[in-house]
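We will go stop by stop.

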Amino acid sequence: METQGKVITCRAAVAWGAGEALVMEDVKVDPPQRLEVRLRILFTSICHTDLSAWKGENEAQQAYPRILGHEAAGIVESVGEGVEDMKAGDHVLPIFTGECGDCRVCKRDGANLCERFRVDPMKKVMVGDGKTRFFTSKDNKPIYHFLNTSTFSEYTVVDSACVVKVDPRFLEKMSLLSCGVSTGVGAAWNVADIQPGSTVAIFGLGAVGLAVAEGARAKGASKIIGIDVNPNKFPLGREAGISEFINPKESDKTVHERVMEITEGGVEYSFECAGRIEALREAFLSTNSGVGVTVLLGVHASPQLLPIHPMELFQGRSITASVFGGLKPKTQLPLLFTQCLQGQLNLDLFISHQLPFSDINEAMQLLHQGKALRCLLRL
């Protein structure tokens, strides 16, 4: 109550330039405006999307200074005018893609890219007034936002449409549901709708790929094939339910040829989680000609177009893409919380490292070097 309505000065990891080490700075965080929420971040982790933005892989999306981060959990510090579905003290997850509940997308089943609050890597200010809520403490210069959330800060301001209440139990594990795990599991359950007894191929065994495997295992897939150039990921893959592995660097055949041999005709479902155009092509060709579905999950920074001839779609294969597993954050994520608490998904699998927030640059390097799955940072 002492801070409500006042500017808060706190610590944040600020990106000042592409590829430059994040700098721990004292920053000012304004109070939330109408339909906004100010959060105290307790746990945050690093996703490959943060890594891509930090490296500045897409020049059009660069904006500095900026506070990155979008996978986190925290507590509501205060709410702005008009916020009715949460209050100070609530435990919540900030979500990079929102749900207003009123637009035609939010009102439609099977769609989750809200017209007002959908994920937008170009966006760097708040929706309400087009301004930032972060400022440098020394000269009061604006600091840009990232993916609706900016969680590499002890406090952040988020549109209420991008905040979901969560059971306070296991809050640190639940933070993983604000991005990677929900994206993968949702793609398996919600987008592909994997059927019991079916076969699955997953290209890229990072957090999202392993979450797809967890989802496929829980849905009763009969065979899950994991594809990655880093064999160190295979043991975790086995824990997630993957039974066979392919390392493209060690195979004398193309990946889709190996998948065809293993499954006698291709998988029913393939998932591209690597963000590489070559992997997308192989994922598509790995599916069964007649019933194959390919789900695109990887973030592709290059301007290359889909490597698919239109006539190939007449063979019975299809391709689709998924953002946040096709889940509507406010209306569908609570069910996933419940399923995790019931033990249907193993969230412990995804936390490979835990470090204090002050060691965020070390955490960035661990992910960059392929040594970490999810490094949980405690603020």
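**First stop: Val37**

Select Val37. Its relative accessibility is 0%, so Val37 counts as buried, the cut-off being under 20%. The model you are looking at is a predicted one. Val37 sits in strand 3, which covers residues 36–45.

Now show what surrounds Val37. Beyond its neighbours within four places in sequence, Val37 is in contact with a list of residues that includes Pro32, Val76, Ser78, Val79, Val83 and Met86. Also among the contacts of Val37 are Thr156, Val157, Val158, Ser160 and Val163.

How many residues separate Val37 and Cys162 in sequence? The count is 125, yet their C-alpha atoms are 9.2 Å apart in space.

**The annotated domain**

Select residues 36–167. UniProt, in an unreviewed entry, places the feature "domain: Alcohol dehydrogenase-like N-terminal" here. Colour this stretch by secondary structure: 6% is helix and 27% is strand.

**Asp159**

Go to strand 8, residues 155–159, and select Asp159 in it. Is Asp159 buried or exposed? Asp159 counts as buried, because its relative accessibility is 5% and the limit for buried is under 20%. Leave out the neighbours within four places in sequence, and Asp159 is in contact with Leu35, Glu36, Phe117, Lys123, Met126 and Val127.

Select residues 71–79 and residues 91–94. These are strand 4 and strand 5, an antiparallel pair with two bridges. Find Gly74 and look across to Val92 in strand 5, its bridge partner.

One place to look is Leu93, whose bridge partner in strand 9 is Val164.

Which strand order does the open sheet of four strands follow? The order is 1-2-6-7, with antiparallel pairing. Look at the edges, strand 1 (8–14) and strand 7 (142–143). Each has a single partner strand, so one side of each is left without a neighbour in the sheet.

Zoom in on strand 1 and strand 2, the latter at residues 23–29. Seven bridges hold this antiparallel pairing. Val14 is opposite Val23 of strand 2.

Six strands form it in the order 12-11-10-13-14-15, and the pairing is parallel. Strand 12 (244–246) and strand 15 (318–321) are the edge strands, each pairing on one side only. From one strand to the next, the twist averages 20°.

Select residues 269–272 and residues 293–296. Strand 13 and strand 14 pair here in the parallel sense, over four bridges. Pick Tyr269 and find Val293, its bridge partner in strand 14.

**Helices across the sheet**

Select residues 207–218, which are helix 4. Helix 4 lies across strand 10 (199–203), strand 11 (223–227) and strand 13. The angle between helix 4 and strand 10 is about 170°.

For the last stop, select helix 6 at residues 255–263. Which strands does helix 6 lie across? They are strand 10, strand 11 and strand 12, and helix 6 runs at about 160° to strand 11.

Definitions and conventions: Residues numbered from 1 in each chain as written. Predicted model: local features only at pLDDT ≥ 70, side-chain atom pairs only at ≥ 80, totals over all residues. Heavy atoms only, no water. UniProt positions renumbered as here; feature names shortened; annotations may be inferred. Buried < 20%, exposed > 50% of the residue type's maximum accessible area, 1.4 Å probe, protein only. Contact = heavy atoms within 4.5 Å. Pairing = 2+ DSSP bridges. Axes fitted to C-alpha atoms, helices over the stretch in contact; angles between N-to-C directions.
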